[in-house]
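Trainee: Could we go through this one together? I'd like to ask about a few charged residues and then about a sheet.

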Amino acid sequence: MVNPPLQSPTNPHFFQPLLPGSETHLSIPVTFFSKHIEGKNEQKTARLISDASDRIWQVKMDGRRLTQGWKEFATAHNLRIGDIVIFKHQGDMLFSVTPFGPSCCEIQYVQCLIKKEDDNVHDDEDDMENQHISRKGLRQKNLKPKTELKLSLSYDYCFVANVTASNLKFDTMYLPKKASSSKALNKRCHKIILVNKEGNSWTLNLRFRESEGSYYIRGGWKRFCSENRQKEGDLITFNLVGDGRSTPMLCICPEEACSELMGIARGKKKTKKRRMWVPSSSSRQNSFVTLSLTAYNIKNSKINLPVEFTKINGITRKHEKIILMDKHGVKRLTRLVHDGPNYGRRGLGKGWKLFCEANDVLKIGEPFTLKLTWENNTPLLRFCSKVKEEPIYV
């Protein structure tokens, strides 16, 4: 027997995560709006209902946006950033709304009947705290979410992520170290949900690197950027949302909600100069090079030397080994690996990590200076010091 084909639901629905800025308005996804609303209904007002209230909420529509009236609905239902709200279209611009917490469980409400203004006012004080008098004198329900009283949501940490050639190539994006102290993250949670402004979501792997004390996401970052038209050099402002127990979310912030943070990031991007190693007229000065650890170095277990540095100092393809001498005078013989276009770039192979640890160079982005000398015909790089100045990128 052939199974009948699946049919579209009678009542179409969509869901939206509540992002920063959702307190005052909420946008209906483009696809849903164009398919079920645009050109089919001339009403400028949507009506919202929920199982937690007897009231029908009138909310003004400005294009795809639910505006005037949405704030009152959200406040009455105690909705918070990180919640997920499902809208089921009942027809004639009437939506049945069901809110879910960050754990993707439906929020349960304690339902207390609201009394009229002329009811007996001699109630216990505890009862009065749980009641509300409607200005219209209508019989409603006071809304108090059970679930949210038990949760300790963290949704106040925002940061700007920079889309780089490196994190696109390796499909990996590191979160700022400050994110590690957020209550939204838990080392036992290995998944994270990325949500764009339209409410579409992508589930990625979440990992914690003990050596760096920071979280990183992978397995979907490149796809997320591609499908959201984010390219190398773009900046994305994320809001980290979660309760430390359920799967955390990284939600793209509306620009108006995080304009100050984005402005600071753009300012830093404009003023930050990418310096290259430039040869000097002094042969002695040419023997010094400043390097800085990157995520690429950690992942591939190698750190490259500037091409001009190796050329001017006579490090050629015939040199297969290099000596690394740490601040304690301990020498390590390490392979000189080939990398880059046509393998013309030389780098330090296995052994450089131990060298860095011996010199207390442990953090990504931490610059340090080396001096090149020679021991017989083998190049030797001696550790000089860590520096506070801007690193030289290679």
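Trainee: Let me start with one side chain: is Glu-227 buried, partly exposed or exposed?
Mentor: Before anything else, keep in mind that this is a predicted model. Glu-227 is partly exposed, since its relative accessible area is 45%, and a residue has to be over 50% to be called exposed.

Trainee: Which residue does the side chain of Glu-227 meet in a salt bridge?
Mentor: Its partner is Arg-223, with 2.8 Å from N to O. Both residues sit in helix H6, which covers residues 221-227, and because they are 4 residues apart there, about one helical turn separates them. Arg-223, at 53% relative accessibility, counts as exposed.

Trainee: And how many salt bridges does a search of the whole structure find?
Mentor: The search finds 8 of them. One of these joins Asp-92 and Arg-47, whose closest N and O atoms are 3.5 Å apart. This pair links distant parts of the chain, as Asp-92 lies in the loop between strand S6 (84-91) and strand S7 (94-100), while Arg-47 belongs to strand S3 (residues 45-50), 45 residues apart. Asp-92 is partly exposed at 49%, and Arg-47 is partly exposed at 23%.

Trainee: What about Lys-331, which residue forms a salt bridge with that one?
Mentor: That is Glu-375, and the closest N and O atoms are 2.5 Å apart. Here too the pair links distant parts of the chain, with Glu-375 in strand S22 (residues 367-375) and Lys-331 in strand S20 (residues 331-339), 44 residues apart. Glu-375 counts as partly exposed at 32% relative accessibility, and Lys-331 is partly exposed as well, at 44%.

Trainee: Changing topic to the sheet, in what order do its 7 strands run?
Mentor: The order is S17-S22-S23-S19-S20-S21-S18, in an open sheet whose pairing is mixed. Strands S17 (288-292) and S18 (303-304) stand at the edges, and each has a single partner strand, so one side of each has no neighbour in the sheet.

Trainee: How does S18 pair with S21, and over how many bridges?
Mentor: S18 pairs with strand S21 (residues 345-348) in the antiparallel sense, over 2 bridges. If you want a place to look, Asn-304 stands opposite Gly-347 in S21.

Trainee: Last one: which residues gather in the patch of positive charge on the surface?
Mentor: They are Lys-191, Arg-207, Arg-218 and Lys-299. Among them, Arg-218 is placed in strand S14 (residues 214-218), and at 32% relative accessibility Arg-218 counts as partly exposed.

Definitions and conventions. Residues numbered from 1 in each chain as written. Predicted model: local features only at pLDDT ≥ 70, side-chain atom pairs only at ≥ 80, totals over all residues. Heavy atoms only, no water. Patch = residues over 30% accessible without salt bridge, like charges linked within 9 Å, V, L, I, M, F, W, Y side chains within 5 Å. Areas by Shrake-Rupley, 256 points an atom, 1.4 Å probe, with all protein chains shown as cover. Salt bridge = Lys/Arg side-chain N within 4 Å of Asp/Glu carboxyl O. Lys, Arg positive; Asp, Glu negative; His and termini not counted. Charge placed at Lys NZ, Arg CZ, Asp CG, Glu CD. Buried < 20%, exposed > 50% of the residue type's maximum accessible area, 1.4 Å probe, protein only. Pairing = 2+ DSSP bridges.
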